[in-house]
Amino acid sequence: MSCVSDSSRLNKFLRERYLNLPQGEFCQVTYVWIAYCGMDLCYKTRTMDFTPKTIADIPEWDIIGQTEGFSTEMLLAPVCMFRDPFILDSNKLVLCEVLKNTREPAGMIEHDVYMHKCRYKELHPWFGMEQEYTLLGVDGHPFGWPRLGFPKPQGTYYRCVGADRAFGRDIVECHYKACLYAGIKISGTNPEVMPSQWEFQVGPCEGIEMGDHLWMARFLLHRVCEDFGVVATLDPKPMTGDWNGAGCHINVSTVQMREQGGIEYVLNSIEKLRKRHAEHIRVYDPNGGEDNKRRLIGCQVFSSINDFSAGVANRGASIRIPYRVAQNKCGYFEDRRPAANCDPYAVTCAMARTCMLEGEEELK
């Protein structure tokens with residue numbers, strides 16, 4: 001079986017002939033939403049006879065959805081708009097939340113619910129998330145790995161260059177450019193510890209914007225991989241044995257943390273997180289912590305899922321205080337526990353409710 005898809009071998013020059021045709025005043029708007037399972041992304045495209053300028057210009061759209069085992073009509077409610085890097089301006093990508101016919105949230109994006117629960121705007125929370133992922137062939141084998149056996153052990157792949165170490169760089173660079181074009185707040189990328197494993201960073205984003213931008217960046221990643229005929233998996237532990245897992249570390253900062261002497265608020269937040277370690281673990285992957293059990297094993301620069309730890313410049317701890325933050329006595333902290341397949345809305349909401357709000361109910 002080939003490691004790349006049949007679709008990737010289609011004539012791309014012929015495709016460009018059609019993509020370059022003029023479309024007049026019409027605009028293609030692609031609605032993107034998170035599937036009911038909370039892990040997959042879906043889309044469909046419609047034609048509009050004008051170019052939308054703001055999210056308010058884009059109408060809701062109905063879909064047939066699955067809820068509690070039944071098919072039912074639902075609504076796609078636009079929440080965030082981006083430029084389309086695949087068919088270019090003036091076409092748009094729109095991230096949507098899914099609403100029931102009662103207008104209650106049915107999908108994973110719950111903007112109204114989120115903003116109600118997380119009343120912390122005056123703290124201007126900044127979030128940055130580090131999305132790790134692994135490239136696979138369509139046969140499920142890591143891209144670039146020997147067809148039989150394994151590559152050289154880990155140690156030479158992290159932030160590396162070279163054809164024998166960096167597998168899939170074209171995909172990474174195309175994804176980066178696509179995110180910049182779309183208007184996603186992507187801030188960097190690098191090769192990771194396991195061969196064929198990469199990371200990109202999104203942020204700083206304020207509040208719920210973090211989830212909007214990371215989910216759309218994930219959509220672009222899957223689309224770019226589709227063009228190249230490979231698969232990007234967010235599995236927290238795609239390969240068993242002595243190979244690194246994949247996380248989605250979150251960096252957190254409030255106005256108070258960024259001000260002089262803000263280290264006090266950093267340390268206070270870490271103590272609050274210590275008390276709710278088990279609750280956060282349940283939120284940090286879509287299966288209530290079961291996925292992270294394979295990743296947070298207490299080695300390979302991963303903390304143990306059963307224990308909470310924190311330290312300065314300690315990448316093997318649950319929470320890392322960067323060295324510069326410790327020196328400057330202000331800044332941010334990094335929670336290294338979220339899994340690669342986490343829901344950024346759930347993670348940022350849990351972080352806000354634990355660290356920035358008082359007296360909140362148990363995390364869901």
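Predicted model: local features only at pLDDT ≥ 70, side-chain atom pairs only at ≥ 80, totals over all residues.
The domain assignment of the protein chain places domain 1 at residues 6-100 and domain 2 at residues 121-356.

The C-alpha centres of domain 1 and domain 2 are 27 Å apart, and the contact takes 21 residues from domain 1 together with 22 residues from domain 2. On the side of domain 1, Leu41, Phe82 and Phe86 supply 31% of the area that this domain buries against domain 2, which is more than any other three residues supply.

## Helix 4 against helix 10

Two packed helices are described by the angle between their axes and the distance between the axes. For helix 4 (residues 209-228) and helix 10 (residues 344-355), the angle is about 155° and the axes are 8 Å apart. Angles over 145 degrees count as roughly antiparallel, and helix 4 and helix 10 are therefore roughly antiparallel to each other. Helix 4 passes helix 10 in a right-handed crossing.

Helix 4 brings Met210, Gly211, Asp212, Leu214, Trp215 and Arg218 to this contact, while helix 10 brings Pro344, Tyr345 and Thr348. By residue class, the contact of helix 4 with helix 10 divides into 5 nonpolar, 2 polar and 2 charged residues.

## Helix 3 against helix 4

Helix 4 also packs with helix 3 (residues 169-182), where the two axes come within 9 Å and cross at roughly 135°. Helix 3 and helix 4 are therefore oblique to each other, and their crossing is right-handed.

From helix 3, the contact is made by Asp170, Ile171, Cys174, His175, Ala178, Cys179 and Ala182, and from helix 4 by Ala217, Leu220, Leu221, Val224, Cys225 and Phe228. The residues of the contact of helix 3 with helix 4 divide into 11 nonpolar, 1 polar and 1 charged.

## Helix 6 against helix 10

Helix 10, already described as a partner of helix 4, packs with helix 6 (residues 263-275) as well, and the axes of helix 6 and helix 10 come within 9 Å and cross at roughly 110°. Helix 6 and helix 10 are therefore roughly perpendicular to each other.

In this contact, Ser269, Lys272 and Leu273 of helix 6 meet Met351, Thr354 and Cys355 of helix 10. The residues of the contact of helix 6 with helix 10 divide into 3 nonpolar, 2 polar and 1 charged.

## Backbone details

Most residues other than glycine have a negative phi, and most peptide bonds are trans. Against that background, a cis peptide bond joins Asp89 and Ser90, with omega at about 5°, and Ser90 has its place in the loop between strand 4 (70-83) and strand 5 (92-99). The peptide bond from Gly203 to Pro204 is also cis, with omega near 5°, and Pro204 lies in strand 8 (residues 197-206).

His124, a residue other than glycine, has a positive phi, near 45°. His124 is found in the loop between helix 2 (111-117) and strand 6 (126-136).

Terms used:
Residues numbered from 1 in each chain as written. Heavy atoms only, no water. Axes fitted to C-alpha atoms, helices over the stretch in contact; angles between N-to-C directions. Helix = DSSP H or I, 4+ residues; strand = E, 2+ residues; numbered from the N terminus. Parallel < 35°, antiparallel > 145°, perpendicular 65-115°, else oblique. Left-handed = near helix turned anticlockwise from the far one by under 90°. Contact = heavy atoms within 4.5 Å. Nonpolar A, V, L, I, M, F, W, Y, C, P; charged D, E, K, R; others polar. Domains from an automatic or database assignment. Buried area = accessible area lost by both parts, 1.4 Å probe.
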